[in-house]
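Me: I have a protein model open and want to learn how to read its features one at a time. Can we go through it together?

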Amino acid sequence: MKKLTVVAAVITHKEKYLCALKGEHKYSYLSHKYEFPGGKVEPDETAQQALIREISEELNLAIDVKSYLLTVEHYYPDFKIELATYLCEVKNIDVLVLHEHQDIKWCHVDELQQLDWAAADIPIVEYLLNKKI
């Protein structure tokens with residue numbers, strides 16, 4: 001089974017979290033699901049550098065990576081994902097542009113459960129609900 005090692009940003013602004021809605025995906029079980037944005041770490045990058053680059057490319061946002069939160073391992077039908085998650089803060093909220101997502105929502109922690117999350121992101125939502133960070 002193919003293994004993907006990726007990073008995700010739990011981005012905060014004014015006590016809300018950025019939740020990004022995927023569009024159509026080659027795997028239907030990932031289409032139109034919410035996720036914490038991020039991506040793959042390039043060979044010459046740290047996880048933090050990858051997050052800054054990916055969030056800039058996907059959302060045109062500048063972020064500060066504040067701290068490591070947790071790593072989620074999840075088995076989808078077609079691949080395994082290892083998702084290292086970091087708490088981040090927005091530096092420039094007024095220039096957000098969607099390049100890879102269908103939509104975004106800014107949600108208070110108590111609103112996160114109302115969204116239809118990708119399975120690998122659900123443990124991150126549960127972590128946030130329990131920690132109330």
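Me: Where is the place of Glu15?
Reply: This is a predicted model, and Glu15 sits in the loop between E1 and E2. Its phi is near 65°, a positive value in a residue other than glycine.

Me: Is Glu15 buried or exposed?
Reply: The call rests on relative accessible area, with exposed meaning over 50%. Glu15 counts as exposed because its relative accessibility is 70%.

Me: Which phi does His32 have?
Reply: His32 is not a glycine either, yet its phi is positive, about 55°. This residue lies in the loop between E2 and strand E3 (34-35). With a relative accessible area of 35%, His32 is partly exposed.

Me: Now strand E3. Is Glu35 buried or exposed?
Reply: Buried means under 20% relative accessible area. Glu35, found in strand E3, is at 15% and therefore counts as buried.

Me: Which residue does the side chain of Glu35 join in a polar contact?
Reply: The partner is His101, and the contact between the two side chains is 2.6 Å. Leaving out residues up to four places away in sequence, Glu35 touches Cys19, Ala20, Lys22, His101, Trp117 and Asp121.

Me: Trp117 is in that list. Where does Trp117 lie?
Reply: Trp117 belongs to the loop between strand E7 (101-107) and H2.

Me: What is Trp117 in contact with, leaving aside its neighbours within four places in sequence?
Reply: The contacts are Cys19, Lys33, Tyr34, Glu35, Phe36, Leu112, Ile122 and Val125. For Leu112 there is also a polar detail: its backbone oxygen lies 2.7 Å from a polar atom of the Trp117 side chain.

Me: How many residues apart along the chain are Trp117 and Leu30?
Reply: They are 87 residues apart along the chain, while their C-alpha atoms are separated by 8.8 Å. Gln49 is in helix H1 and, at 42% relative accessibility, counts as partly exposed.

Me: Which residues touch the most other members of the largest nonpolar core?
Reply: Such a core is a set of buried residues joined through side-chain atoms. The largest one here has 29 residues, and those touching the most other members are Val10, Phe36, Leu112, Trp117, Ile124 and Leu128. The elements that give two or more residues to this core are E1, strand E2 (16-22), strand E5 (63-75), E6 and helix H2 (122-131). There is also a second, separate core of 17 residues, which includes Val7, Leu18, Tyr86 and Val90.

Me: Is Ala9 buried or exposed?
Reply: Ala9, a residue of strand E1, has 0% relative accessibility and so counts as buried. Not counting residues up to four places away in sequence, Ala9 touches Phe36, Pro37, Leu51, Ile55, Tyr86 and Cys88. The C-alpha atoms of Ala9 and Glu100 are separated by 15 Å, with the two residues 91 apart along the chain.

Me: What does Lys80 touch, not counting residues up to four places away in sequence?
Reply: Lys80 touches Met1, Lys2, Lys3, Leu4, Glu73, His74 and Tyr75. With Glu73 there is a polar contact of 3.4 Å between the side chains.

How values were computed
Residues are numbered from 1 along each chain as its sequence is written. This is a predicted model: local features need pLDDT of at least 70, side-chain atom pairs count only at pLDDT 80 or more; totals for chains, interfaces and linings use all residues. Side-chain values use heavy atoms; hydrogens and water are left out. A polar contact is a pair of N or O atoms within 3.5 Å; within protein, one must be able to donate a hydrogen and the other to accept it, and residues adjacent in sequence count only if both atoms are side-chain atoms. Contact means heavy atoms within 4.5 Å. Helices (H or I, at least four residues) and strands (E, at least two) are DSSP runs, numbered from the N terminus. Buried means under 20% relative accessible area, exposed over 50%, partly exposed in between (1.4 Å probe, protein chains only). A nonpolar core is a set of buried Ala, Val, Leu, Ile, Met, Phe, Trp, Tyr and Cys residues joined through side-chain atoms within 4.5 Å.
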